Amino acid sequence: MIRKPTLIPAAAALWIAGALAAAGCAPGGYYNSSRSALDSLLTSQAELMKRVGALEKKVDATREGLQATRANNEAKMAEISQRLDVLGGQLEESGARVTRLAQKVDTVKQRLGSADSVRAARGATFDSTGTPDAEAMYQAAYSDVAAGRYNLARESFQTYLRYFSDTEVADNAQYWIGECSYATGDFAAAIPEFQKVVQNYPKADKVPSALLKIGLSYSRLKNADEANKYYRMLVQKYPKSSEASAARERLPGPDTGGRRGKAARSG
């Protein structure tokens, strides 16, 4: 804030000068000189007042300009915020549309895949003499697994085993039936399917994987005792397998090579 200088009123100055002259305290020349100095002082004072007035106007103008700029910026920010809100809503709506479109595409793919899978399992895998094509039937079922069509894959593998229960990949087919139930979260249904691998194909290379998945399924069902039972069975029968290493990590206590506190952990 600009502080105005203290100004001597002209009338008071003249009165002082007149009083001095009247009292005879100063000669006439001195009076004239004082009068000139006083006039000069008054003139300087007037100039100073003009400058102060001009400076005050500039300060007021600057203050008004700043206020106007601030108000303008606030209005712009409010407008930008509104636009961002609108854009955010549009993006959310677009995201929802994309999601719905993706779901529709997946549905179409699933329907097409379903038709292909059923065709492969029930008709296209049979030759002209009515004999089923084992390899084509297995590959059709496995393609359903790879595509995440677990329900269709389970049905296709079950169809495969009705015709080919003693092929080199029959244990794989039975194992994938269990995997399809496990992948969909139906752990109770997965356990007996994995057990069939162990019971029906005891020498197959899928037995260690089936034992591990039985343990994991029991663990997901919060049955630690049964889970540990199959983990120990796996470690005892197939100690050098990678599945046994995974089982050891889930067994409690140091006697089985596992770490404490990891009993029946979910996979």
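**Entry 1: contacts along the chain**

I looked up how far apart in sequence the contacting residues are, where contact means heavy atoms within 4.5 Å. Among contacts between residues at least 6 apart in sequence, 45% join residues at least 24 apart. I note that this is a predicted model, in which local features need pLDDT of at least 70, side-chain atom pairs count only at pLDDT 80 or more, and totals for chains, interfaces and linings use all residues. Residues are numbered from 1 along each chain as its sequence is written, and side-chain values use heavy atoms, with hydrogens and water left out.

**Entry 2: the chain as a whole**

I listed the secondary structure, taking helices (H or I, at least four residues) and strands (E, at least two) as DSSP runs numbered from the N terminus. The chain has nine helices and zero strands. In sequence order I wrote the pattern down as α-α-α-α-α-α-α-α-α.

For accessibility I used these classes: buried is under 20% relative accessible area, exposed is over 50%, and partly exposed is in between (1.4 Å probe, protein chains only). I found that 31% of the 267 residues count as buried. The chain exposes about 17400 Å², and carbon and sulfur atoms supply 54% of that area. Accessible areas come from the Shrake-Rupley method with a 1.4 Å probe; for residues, only the protein chains shown count as cover.

**Entry 3: the largest nonpolar core**

I then looked for a nonpolar core, which is a set of buried Ala, Val, Leu, Ile, Met, Phe, Trp, Tyr and Cys residues joined through side-chain atoms within 4.5 Å. The largest one has 39 residues, and those touching the most other members are Phe157, Tyr160, Leu161, Phe194, Leu212 and Tyr231. Two or more residues each come from helix 3 (134-146), helix 4 (150-163), helix 5, helix 6, helix 7 (207-220), helix 8 (224-237) and helix 9 (242-250).

I took two of these residues further. Leaving aside neighbours within four places in sequence, Leu161 is in contact with Ala170, Ala173, Gln174, Ile177 and Tyr201. Phe194 lies in helix 6 and is buried, with a relative accessible area of 0%. With neighbours within four places again left aside, Phe194 is in contact with Tyr175, Gly178, Glu179, Tyr182, Ala210, Lys213, Ile214 and Ser217. I also noted that Phe194 and Val207 are 13 residues apart in sequence and 8.4 Å apart in space, C-alpha to C-alpha.

**Entry 4: helix 5 and what follows**

How many residues of helix 5 are buried? I get 13 of its 14 residues, so the helix is mostly covered. Helix 5 runs over residues 170-183 and reaches 20 Å from its first C-alpha to its last, close to the 20 Å expected. The expected span is 1.5 Å times one less than the number of residues.

Asn172 is found in helix 5 and counts as buried at 18% relative accessibility. Not counting residues up to four places away in sequence, Asn172 touches Tyr138, Asp205 and Lys206.

Just after helix 5, Gly185 takes a positive phi of about 85 degrees. Asp186 is in the loop between helix 5 and helix 6 (187-200). The C-alpha atoms of Asp186 and Leu221 are 35 residues apart along the chain and separated by 9.8 Å.

**Entry 5: rings**

I searched the whole structure for aromatic pairs and got nine. Rings of Phe, Tyr and Trp (its six-membered ring) pair if their centres lie within 6.5 Å; planes under 30 degrees apart count as stacked, over 60 as edge-to-face and the rest as tilted. Why is the pair of Tyr160 and Phe164 called tilted? The ring centres are 5.2 Å apart and the planes are at 40 degrees, so that class applies. Tyr163 and Phe164 form a tilted pair too, with 6.3 Å centre to centre and 45 degrees between the planes.

By accessibility, Tyr160 is buried at 2%, Phe164 is buried at 14%, and Tyr163 is partly exposed at 45%. Ring pairs link Tyr138, Phe157, Tyr160, Tyr163 and Phe164 into a cluster.

I also checked for charges over rings (NZ of Lys or CZ of Arg within 6 Å of the ring centre and within 35 degrees of the ring normal). Lys206 lies over the face of Tyr175, at 4.4 Å from the ring centre. Lys213 lies over the face of Tyr182, at 4.6 Å from the ring centre.

**Entry 6: a loop residue**

Last, I looked at Lys222, in the loop between helix 7 and helix 8. Lys222 is not a glycine, yet has a positive phi of about 65 degrees. At 75% relative accessibility, Lys222 counts as exposed.
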